[in-house]
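Please look over the structure shown here.

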Amino acid sequence: MSSRPLPQDPAVRALIAQARRAQLTRRSLLAGAGAGASALTLAACSTGGGQAKPTAAADDSANDKTLNWANWAAYIDEDDAGNYPTLVAFEEETGISVNYEVAVDDNNTYYGKVKDQLALGQDIGADTVCLTDWMVSRWIRLGYTQELDHANIPNIANLAPALENPGFDPGRVHSLPWQGGFAGICWNTEKVPGGLASVQDLWNAELKGRVGVLSEMRDTMGLIMLENGVDIAGDWGDAEYDAAIEILDEQVANGQIRNIKGNSYLEDLKSEDTLAAICWSGDITVLNAEAGDKWQFAIPDAGGTLWNDNFLIPIGSPRKTNAETLMNYYYEPEVAAEVAAWVNFITPVVGAQEAASAIDPELAENQLIFPNADTLSTAHIFRALSGAEEQKYQTQFQQILLGS
């Protein structure tokens with residue numbers, strides 16, 4: 001396992017600390033994309049059942065020292081000139097030239113763009129892409145990912161043990177976490193001085209017409225189901241989901257919920273069109289930096305959702321070893337800590353907290369980046385859905401989203 005020295009220059013440390021305070025996350029940068037970018041489509045929900053699985057492309061990494069990485073916006077460290085410092089260092093160390101493309105605006109819309117090529121085993125123009133657990137599960141189920149060679153990723157030993165054997169990819173044969181986070185609730189502390197403790201509090205009369213929820217089905221429905229006492233990681237079915245969708249439908253119909261949005265939900269919070277919302281954890285750090293430190297994030301009393309975005313290698317990529325080399329680099333604790341200082345989401349890399357402490361002790365204590373066991377015990381992973389369940393539940397959710 002390789003090791004990188006921590007920056008000793010006080011100016012460098014200050015730059016990283018400043019980046020932590022004034023970061024832009026992938027979701028906030030995409031705020032201008034609006035509801036259209038995050039709209040769910042039936043085509044994107046296609047399960048692809050019955051198709052023969054495609055064959056992996058031959059690896060030409062030995063002859064081709066390039067790499068295409070598709071990711072979400074502002075989901076990596078970035079300097080004022082628009083460069084990605086850790087990625088620049090990777091290129092210098094390995095000789096691999098990386099084309100970092102902000103290509104993912106939403107799990108479903110990205111899948112809708114590439115699913116036909118994936119089904120044919122074609123190169124989609126990305127040698128690695130970072131997608132959320134449930135979407136990675138779909139790609140694996142349909143045979144759209146290549147198996148990882150762990151011999152090329154020795155730093156996989158630094159993967160947090162809790163993430164080693166997810167139900168959708170036991171042993172991490174096809175995927176490796178990039179960053180993670182929580183979905184919970186937030187509120188404007190000036191307008192809601194008493195704060196909020198539960199999803200039920202979002203339905204308070206004084207917030208009528210000023211509540212936002214996420215267009216990410218698993219987060220919004222997951223929080224409502226948790227409020228109903230459902231173990232979203234356990235054994236539940238149509239009855240539990242239908243009970244929650246009825247609550248969502250009612251709150252939209254009666255005007256309590258103003259908007260159901262993806263990346264643009266932060267704009268509603270900034271403008272105070274919404275005063276409270278179901279939201280993503282790291283984004284509230286950014287909102288406070290951009291709009292005056294008047295927002296509070298909390299995991300609801302009944303629990304929040306926990307998600308991860310993961311590296312995977314598309315079935316048609318001809319640069320598999322290059323992609324694995326990149327993954328290995330970002331699993332060096334010092335590199336992971338540098339990224340965490342910018343994005344304020346949960347790093348999956350063991351040792352990154354200690355490395356972060358050497359940069360900024362306050363950063364290392366941030367529960368949104370380095371949650372302890374108590375914090376993690378309040379968060380739950382939405383269980384994997386079958387293709388039929390996903391089609392049904394997404395369609396029900398979409399009907400409400402389109403009518404909101």
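**Buried residues, rings and a helix contact**

Threonine 375 is buried, with a relative accessible area of 17%; buried means under 20% relative accessible area, with a 1.4 Å probe and protein chains only. Threonine 375 belongs to helix α15 (residues 373–376), where helices (H or I, at least four residues) and strands (E, at least two) are DSSP runs numbered from the N terminus. Apart from neighbours within four places in sequence, threonine 375 is in contact with Phe182, Ile299 and Gln367, contact being heavy atoms within 4.5 Å.

The model is predicted: local features need pLDDT of at least 70, side-chain atom pairs count only at pLDDT 80 or more, and totals for chains, interfaces and linings use all residues. Residues are numbered from 1 along each chain as its sequence is written, and side-chain values use heavy atoms, with hydrogens and water left out.

The aromatic rings come next. The structure holds 18 aromatic pairs, a pair being rings of Phe, Tyr or Trp (its six-membered ring) with centres within 6.5 Å. Tyrosine 241 and tyrosine 393 form a stacked pair, 4.1 Å centre to centre with 20° between the planes; stacked applies to planes under 30 degrees apart. Tyrosine 241 lies in helix α8 (residues 238–253) and tyrosine 393 in helix α16 (residues 387–403), so the pair ties together parts that are 152 residues apart in sequence. Both tyrosine 241 and tyrosine 393 are buried. Elsewhere, one aromatic cluster includes Trp69, Tyr75, Trp178 and Phe345.

Two arginines lie over rings. Arginine 138 is over the face of tyrosine 111, at 4.7 Å from the ring centre, and arginine 383 is over the face of tryptophan 236, at 4.3 Å from the ring centre. For such a placement, CZ of Arg or NZ of Lys must be within 6 Å of the ring centre and within 35 degrees of the ring normal.

Helix α8 also packs against helix α7 (residues 217–227), at an angle of about 100° and with the axes 9 Å apart. Axes are lines fitted to C-alpha atoms over the stretch in contact, and angles run from 0 to 180 degrees between N-to-C directions. The two helices, α7 and α8, are therefore roughly perpendicular, a term for angles of 65 to 115 degrees. Among the residues that meet are Met221 and Ile224 in α7, and Tyr241 and Leu248 in α8.

Finally, asparagine 344 has a positive phi of about 60° although it is not a glycine. Asparagine 344 sits in the loop between α12 (333–343) and α13 (352–359), and counts as buried at 1% relative accessibility.

Conventions
Rings of Phe, Tyr and Trp (its six-membered ring) pair if their centres lie within 6.5 Å; planes under 30 degrees apart count as stacked, over 60 as edge-to-face and the rest as tilted. Buried means under 20% relative accessible area, exposed over 50%, partly exposed in between (1.4 Å probe, protein chains only). Angles under 35 degrees count as roughly parallel, over 145 as roughly antiparallel, 65 to 115 as roughly perpendicular and the rest as oblique.
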